[in-house]
Every structure is written in C-alpha cells, then in structure tokens.
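The sequence and structure are shown first, and the description follows by topic.

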Amino acid sequence: MRKNMKMADLVGADYRLLTVIYRLGIKLGFGEKTVEETCRESGVNCDTFLLIANVYATEGYVPTTEMMTAASAIDLVRYLHASHSYYLDHEIQDLSRIFEDLLSPCTPMQRDVIMRFFDGYREEVENHFAYEEDIVFPYVRSVAGGQRVEGYSMETFEENHNNIDEKLNDLRNIVMKYLPPVCDTVTAIRALSRLCTLEADLEKHTLIENSILIPMVNRLEGKCQ
Amino acid sequence: MSVTKKKILLITPSHIMARGIAGILEEHGGFAIETVLTDLSRENEATVRDSMADIVIVDPVIFDYASRPLGRSRISDLTDAAVVAAPTVLPDDEAMKNYDETISIYDSPAAVISKLRNSLAHSSGSPRTDNREELSAREKEILVCVARGMLNKEIADRFHISIYTVITHRKNITRKTGIKTVAGLTVYALLNNLIDPATME
C-alpha cells in the first residue's frame with residue numbers, strides 16, 4: 001500500500017474502504033488521482049489514511065514507529081468521531097428500519113421482545129460512544145496540543161475499554177436461528193448481511209482504538225511531561 | 001458393558017494408591033490404566049486434554065486447599081471423561097459432591113469396580129457428555145431461570161445441584177444457541193414459548 005497508488009485501485013481491491021474514505025470526508029469521483037493527491041485535496045493526513053486502510057487490509061496489523069509518528073492523532077480522533085456518527089446515524093438507523101419491516105408479520109409479543117433487545121443494544125452502543133466522545137477524545141485533542149490533563153490517562157481508557165460485540169452477536173444468532181417462520185426470508189437476509197457488516201466494521205473500529213490510538217497517545221503523553 | 005476395556009487416567013502423587021488401584025483393576029478386568037500423572041501441571045493438563053480416557057480418577061489432594069472445590073470442573077474443562085475422586089486425606093463432603101463417584105481407601109476391590117461402573121452411568125446422563133444439539137429439558141429449565149434473572153447460586157439451590165453443574169449447563173446453553181447475554185437468552189425463551197410473557201416484569 002503506497003501513497004503513489006491510484007486511489008481507485010486501492011478502493012477497488014477492498015470495498016470496505018469506501019466507508020473509510022466517506023468517514024474521512026473524502027468524496028468519490030477521484031478519477032485517476034493517487035492516494036496522496038486525493039488525501040491532500042480533501043485535507044486529510046495521508047499517513048493517517050494509510051494506517052486505517054492497513055488495519056482493514058492486514059489481519060493482525062502492527063504499525064511501525066515511523067507510521068505512528070507520521071500520522072496525526074487529531075485526524076484519527078476526527079475519523080473515530082465520524083465513525084461513531086456513521087454507526088449511529090446510518091447503520092443502526094437503517095437496521096432499526098429493516099427490523100421494523102422484518103418483524104411486521106409477527107405477533108406484537110414477538111415484535112416487542114426483539115425490538116426491546118435491539119433497543120438495548122443501541123443504548124449500549126450509545127453509552128460506549130458517549131464516554132469516548134465526552135472523555136477520551138477531548139483528552140486526546142489536548143494531549144496532541146501538548147497539554148496534559150490531570151486525572152486522566154490513556155491507561156485508564158485502556159483498562160475500561162470493554163467490548164460491545166456480545167449483544168450484536170446474539171442478535172445475529174437470533175435472526176439466523178430463531179426468527180418466527182412468518183418473517184420474510186429476503187428481509188431477514190438483508191438484516192443479517194447488515195448485521196455482519198456492522199459486526200466486522202466495529203471489530204476494525206475497536207482495533208484502531210486499541211492498536212493505534214492508544215499507543216499513539218501514550219507516545220504523546222510522554223512528550224507532554 | 002462393552003468388551004473393550006474402559007481407559008482410565010489416574011492422577012495421584014501416591015505410589016501406594018497408583019499401585020493399589022492398578023492391582024485391583026488388573027484382577028477384575030474391564031478397566032485399564034492408560035496414564036498415571038502425579039499432578040495437574042500445565043504440561044499434564046495437555047496430557048489430560050489429549051487423552052481418550054473414559055474415567056479420570058483423581059486424588060483431590062493435588063489441588064491446593066483453596067481451589068479444591070473447583071478441582072472437578074478444572075478436569076471437566078479438559079475432558080468429557082467421568083471424574084472419580086480417590087481422596088487419601090479426609091475429604092470435604094461438599095467438594096466430593098461434584099465428582100461422579102468417590103472411592104475410599106477402605107473400599108473393597110468389588111466396591112471400587114462397582115463405583116467406577118456407576119461413574120460411567122452417571123456421567124453419560126450428565127451435561128458434559130450430552131452431544132445432542134437440541135437443548136435438554138434440564139437446560140431449558142435453567143435457561144428460563146437465567147432469563148428471569150436468577151443467580152447461579154439460586155439456580156443451584158432450586159435444583160439441588162452444584163454451582164459448577166449450573167455453570168456447565170450455562171456453557172452448554174450458550175454453545176448450542178450461540179447466545180451469550182442474559183437479555184439474548186430472554187429473547188430466546190420468549191420466542192420459543194419457554195416463558196409466559198405475561199409473567200415477565
């Protein structure tokens with residue numbers, strides 16, 4: 001993966017990068033431009049983009065020190081924030097509509113039970129994101145600006161960064177295995193493929209936080225003192 | 001009982017026990033000691049995991065005092081074999097309940113053989129060797145309790161089973177359904193009419 005590759009080749013080889021470039025604020029229509037040119041025109045740090053793209057492309061990716069130093073913590077936080085909005089405003093919204101559709105032939109009891117579980121999941125995700133938006137991201141921004149904040153550190157975040165994948169995984173199994181037979185199969189497939197995509201993308205999101213954001217900010221914390 | 005000998009894996013630090021049990025089994029046939037270990041070190045754990053033993057006979061003295069009540073489940077995590085205790089020191093009755101059988105050092109050879117046979121019978125009806133993928137009646141009962149928010153201890157008391165058995169059941173429920181969270185299990189119970197929705201909340 002190089003800066004002088006054509007952006008279209010990179011995205012063409014891995015369609016998951018489509019939502020990555022969207023979240024970074026890069027629009028389609030890059031024609032024959034390279035990765036570097038496209039990033040520059042959209043005001044995105046090209047190294048940050050490559051870091052994120054590498055997490056998607058390579059299983060168990062560990063960035064080099066040079067990569068980490070070249071990338072921007074501010075840009076990374078901007079990306080993670082955009083990801084949160086993308087999940088809540090697009091993915092989970094869409095899923096909610098698909099579920100309404102999917103469960104419409106069910107009994108009110110069945111509908112309530114599954115929708116209540118779905119809402120429980122949405123609430124868990126919202127709380128998880130809200131903590132990062134309210135506490136972690138402002139902290140990273142201030143450390144990136146050279147200012148250490150008393151009473152918080154990346155270590156605290158690392159210790160409290162819990163997984164939120166269990167309920168999503170349960171939801172996938174409920175739809176696949178235990179959906180009332182009156183439900184429409186094509187709609188169920190639509191729900192399942194969105195659930196799987198969301199699950200896989202959230203896994204990458206967590207990986208970016210754990211294997212890039214945390215070490216990057218640890219390094220910046222050292223510089224502040 | 002089939003013609004092939006039932007394989008036994010023995011874990012005891014006592015040579016007298018190891019030779020004594022071997023002697024009894026030689027006389028009676030039907031059982032053959034496959035492996036003898038003196039403790040359950042990490043290396044030996046792998047041996048237990050890879051063994052094809054039908055019964056594990058263990059002296060609970062190999063577990064230190066604090067972890068002794070968990071000893072049985074440590075072995076069950078490694079193998080589906082029946083687990084029989086053969087304590088050399090005075091056993092703690094509560095911990096012994098977790099085993100499929102308990103051999104006393106004063107048992108007659110015939111009693112030892114009969115207990116080993118019993119252990120296989122017990123164990124085949126227990127959750128550990130239940131390979132059917134549908135939930136068993138007992139698993140459904142326990143799932144309903146979990147869905148209603150009961151704690152493992154409360155479930156154990158209600159069914160007069162050990163807390164380790166409850167945990168094993170819960171592991172099997174999750175393995176079979178693929179559902180990990182309590183909220184998810186509640187959805188399962190309601191969708192499958194295991195719970196009357198009118199009784200919830």
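**Helix packing and local features**

Helix 2 of chain A and helix 6 of chain A pack with their axes 8 Å apart and at an angle of about 110°. Axes are lines fitted to C-alpha atoms, for helices over the stretch in contact, and angles run from 0 to 180 degrees between N-to-C directions. Helices (DSSP runs of H or I, at least four residues) and strands (runs of E, at least two) are numbered from the N terminus. This is a predicted model, in which local features need pLDDT of at least 70 and side-chain atom pairs count only at pLDDT 80 or more, while totals for chains, interfaces and linings use all residues. Residues are numbered from 1 along each chain as its sequence is written, and chains are lettered from A and ligands numbered from 1 in the order in which they are written.

**Helix 2 of chain A against helix 6 of chain A**

- The two helices, helix 2 and helix 6 of chain A, are therefore roughly perpendicular to each other; angles of 65 to 115 degrees count as roughly perpendicular, under 35 as roughly parallel, over 145 as roughly antiparallel and the rest as oblique.
- The crossing of helix 2 of chain A past helix 6 of chain A is right-handed, a term used if the near helix is turned clockwise from the far one by less than a right angle, with left-handed used if anticlockwise.
- Helix 2 of chain A contributes T19(A), R23(A) and L24(A) to the contact, and helix 6 of chain A contributes Y79(A), A82(A), S83(A) and Y86(A); two residues are in contact if their C-beta atoms, placed from the backbone, lie within 7 Å.
- By class, the residues of this contact are four nonpolar, two polar and one charged. Ala, Val, Leu, Ile, Met, Phe, Trp, Tyr, Cys and Pro count as nonpolar, Asp, Glu, Lys and Arg as charged, and the others, Gly among them, as polar.

**Helix 2 of chain A against helix 4 of chain A**

- The axes of helix 2 and helix 4 of chain A cross at roughly 155° and come within 11 Å.
- That makes helix 2 of chain A roughly antiparallel to helix 4 of chain A.
- Helix 2 of chain A passes helix 4 of chain A in a crossing that is right-handed.
- On helix 2 of chain A, L17(A), V20(A) and L24(A) meet F49(A), I52(A), A53(A) and Y56(A) of helix 4 of chain A.
- The residues of this contact comprise seven nonpolar, no polar and no charged.

**Helix 4 and the whole of chain A**

- Helix 4 of chain A (residues 46-57) has 12 residues, which at 1.5 Å a residue should span 16 Å, and its end C-alpha atoms are 16 Å apart, in agreement; the expected span is 1.5 Å times one less than the number of residues.
- Nine of these 12 residues are buried, so helix 4 of chain A is largely enclosed by the rest of the structure. A residue is buried if 20 or more other C-beta atoms lie within 10 Å of its own, exposed if 12 or fewer, and partly exposed in between, with C-beta atoms placed from the backbone.
- Among the buried residues of helix 4 of chain A are D47(A), F49(A), L50(A) and I52(A).
- The cover over the buried residues of helix 4 of chain A includes helix 1 (7-13), helix 3 (35-42) and helix 10 (185-224) of chain A.
- Chain A has 10 helices and zero strands, and 29% of its 225 residues are buried.

**Helix 6 of chain B against helix 9 of chain B**

- The axes of helix 6 (residues 137-147) and helix 9 (residues 182-191) of chain B cross at roughly 125° and come within 8 Å.
- That makes helix 6 of chain B oblique to helix 9 of chain B.
- This crossing of helix 6 and helix 9 of chain B is left-handed.
- In helix 6 of chain B, L143(B), V144(B), V146(B) and A147(B) meet V182(B), L185(B), T186(B) and A189(B) of helix 9 of chain B.
- Their contact has seven nonpolar, one polar and no charged residues.

**Contact between the chains**

- Chain B gives 13 residues to the contact and chain A gives 15 residues.
- Helix 9 of chain B gives the most to the side of chain B that touches chain A, with six residues.

**Individual residues of chain B**

- H160(B) lies in the loop between helix 7 (152-159) and helix 8 (163-177) of chain B, and has a positive phi of about 55° although it is not a glycine.
- N193(B), in the segment after helix 9 of chain B, is exposed, with 9 other C-beta atoms within 10 Å.
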